[in-house]
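Thanks for sending this one over. Please have the sequence and the structure open while you read my notes.

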Amino acid sequence: MEVEEPDKPELNTPLGTKAPIWIPDPRATMCMICTCDFTLTWRRHHCRACGKIVCQACSVNKFNLDYLKKRPARVCDLCFLELQKREVQSPDPKMLSPTHKSSSALTSVFHSIQHSSGRKHKKIPAALKEVSANTGASSMSGYLYRSKGIKKPWKRLWFVIQDKVLYTYAASEDVAALESQPLLGFTVSELQDDLSEPKVIFQLLHKRTLFYVFKADDRHTAQRWVEVFQEATVL
């Protein structure tokens, strides 16, 4: 298993002056602003300024982007505010026409309507939003298969260990965890499954009771995870 590195934007590049690197759809199961879940009817949208995946309620605005030769394009709420701020600080004479002002006013009205009738957001505990899936401060992060027992179904999830806490995410760019588990007091040991390559499976136990079983794609990655887990289980 390769530990995925999240795409990083280029430094010192003004927002909207260069096409962003789009985050692939499978890397986010929730809006990267409001954390609402995506479904077949509540779809993903890419911000044309930053490349993040957001919901329709968080990306109703459009802005004339430099790299698109000033053509209007969908941007997320955060980028819209930043682009507006920059426009006020360095106004473009063409952007001060009555038509543009009218368009901005209509956008604001439309924006408020969309938010008032938007999707109801689930309540996520603050602790699950303290660390995002692509944090750069983790001891280790990456995809693993997880099961509640050696013969139980496996599920592929993204895991982050930071400050001796295990965070679990549905995908590698999600901004809120599904769950968090302090690892102090746990123990980690390798397991052998007759159907798997040796030393790719390990288990997490608490007071000799099985908590979870994990499986990596190769021995090297599994060993790295075991070492990081072991460091996180002791003071």
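This is a predicted model: local features need pLDDT of at least 70, side-chain atom pairs count only at pLDDT 80 or more; totals for chains, interfaces and linings use all residues.

1. Let's begin with helix H3, which covers residues 219-232 and has 14 residues. From its first C-alpha to its last it reaches 20 Å, close to the 20 Å expected at 1.5 Å a residue.

2. Have a look at how H3 begins. A side-chain oxygen of Asp218 comes to within 3.2 Å of the backbone nitrogen of His220.

3. Which residues of H3 are buried? They are Thr221, Ala222, Trp225, Val226, Val228, Phe229 and Ala232. An α-helix has 3.6 residues a turn, so residues three or four places apart point the same way.

4. The buried residues of H3 pack against several strands: E5 (140-147), E6 (155-162), E7 (165-169), E9 (186-191), E10 (201-206) and E11 (209-215).

5. On to the partners of E7. E6 pairs with E7 in the antiparallel sense over 5 bridges, and Phe159 stands opposite Thr168 in E7. E6 and E7 form a hairpin with 2 residues between them; in the turn, Asp163 has a positive phi of about 50°.

6. E7 also pairs with strand E8 (residues 179-182), in the antiparallel sense over 4 bridges. Here Tyr167 stands opposite Ser180 in E8.

Terms used: Residues are numbered from 1 along each chain as its sequence is written. Side-chain values use heavy atoms; hydrogens and water are left out. The expected span of a helix is 1.5 Å times one less than its number of residues. Buried means under 20% relative accessible area, exposed over 50%, partly exposed in between (1.4 Å probe, protein chains only). Contact means heavy atoms within 4.5 Å. A polar contact is a pair of N or O atoms within 3.5 Å; within protein, one must be able to donate a hydrogen and the other to accept it, and residues adjacent in sequence count only if both atoms are side-chain atoms. Two strands pair if DSSP finds at least two bridges between them.
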